[in-house]
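Dear colleague,

Please find below the structure that I am handing over to you, together with its sequence. My notes on its charged side chains follow.

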Amino acid sequence: MNDALLRPAMRLRNCALRLTHPETVRTNRDTGLIRLIACVCMLIDHAGKMLFPQLPVMRLIGRLAFPLFAYGIAVGAVCTRDPLRYLSRVVLLALVSQPLYALGLAHENSGMYAVSFFKQPLRAAAAFYLSSWQTPSILLSLSLGLAILLCLRHRQWVLALGLYILCERIASRLDYGIGGIRLMIMFYLLCEHPLLSLAATVAYMLAWSKGVGYPILGIEFGMRIYSLPAVLFVHLPLPRRVRLPRWFIYGFYPAHLAVLAVLCRIV
């Protein structure tokens, strides 16, 4: 009797272990190409916002970027040989890039300039930096998502749940909200099951994109519906071919924000 009760529980446990600790990626493995396309789409999006607001198509192209970055984070969580170093790099990039994000994408606020740089330069620099976090960049979402995935990988389920609840509580402050965190989790959990992943993530994106302004087949969607091609692309079974230098992977984000910050002030 006890064995009959234990077997389903053991099968459920083993299934949970396999799901939360995938050993390989059977969806798109060409993360170099994915990150390159994501960076290009992000640049087009940000340039459209700051330099070419008369071209809304640039913002639509930019919708492709987040699912590609989210997928890259999920694949990295599966494949990294040094999870702590990987997480620390993403967190450090978020810390370094935040003031550039505020300057480059017009997220400045009065608190950033509340203290005079001429009278109290150190205090002014601290106020400028801390106040820039009033509107966090996408890297906060990616860092928290990666932390959750690495907790799942190492079977720290209570910590993963705690981080997820934290994300729920601060969802209004996260770029792409809790929806972006959920997308990363789905990419990670289903990366060994391409067809299931494709069906689940497409259905999720359709539900997440409900809104107004972009009717398709009589159904109203928001701008996020233009992210859908990116979700389809990450499920193409492409081998790894494009290899990007590490300086590009981690340097492009702050560099393009710095360039935008300068251009917006001289154009």
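**Salt bridges in the model**

The side chains of R182 and E168 form a salt bridge, with an N to O distance of 3.1 Å. Since R182 belongs to helix α9 (residues 177-189) and E168 to helix α8 (residues 157-169), the pair ties together parts that are 14 residues apart in sequence. R182 is partly exposed, at a relative accessible area of 32%, and E168 is also partly exposed, at 34%. Please bear in mind that this is a predicted model.

In the whole structure, five salt bridges were found. Another of them joins the side chains of D45 and R59, at 2.5 Å from N to O. This pair links distant parts of the chain, as D45 sits in helix α2 (residues 31-50) and R59 in helix α3, 14 residues apart. D45 has a relative accessible area of 7%, which is under the 20% limit, and therefore counts as buried. R59, at 26%, is partly exposed.

D45 and R59 also belong to a network of salt bridges that includes R63. R63 lies in the loop between α3 (56-62) and α4 (65-79). With a relative accessible area of 11%, R63 is buried. Which residues does R63 contact, leaving aside its neighbours within four places in sequence? They are D45, Y176, M223, Y226 and S227.

Finally, D82 and R85 meet through their side chains in a salt bridge of 3.7 Å, N to O. D82 is partly exposed at 33% relative accessibility, and R85 is partly exposed at 48%.

Yours sincerely

Terms used
Residues are numbered from 1 along each chain as its sequence is written. This is a predicted model: local features need pLDDT of at least 70, side-chain atom pairs count only at pLDDT 80 or more; totals for chains, interfaces and linings use all residues. Side-chain values use heavy atoms; hydrogens and water are left out. Helices (H or I, at least four residues) and strands (E, at least two) are DSSP runs, numbered from the N terminus. Buried means under 20% relative accessible area, exposed over 50%, partly exposed in between (1.4 Å probe, protein chains only). Contact means heavy atoms within 4.5 Å. A salt bridge is a side-chain nitrogen of Lys or Arg within 4 Å of a carboxyl oxygen of Asp or Glu.
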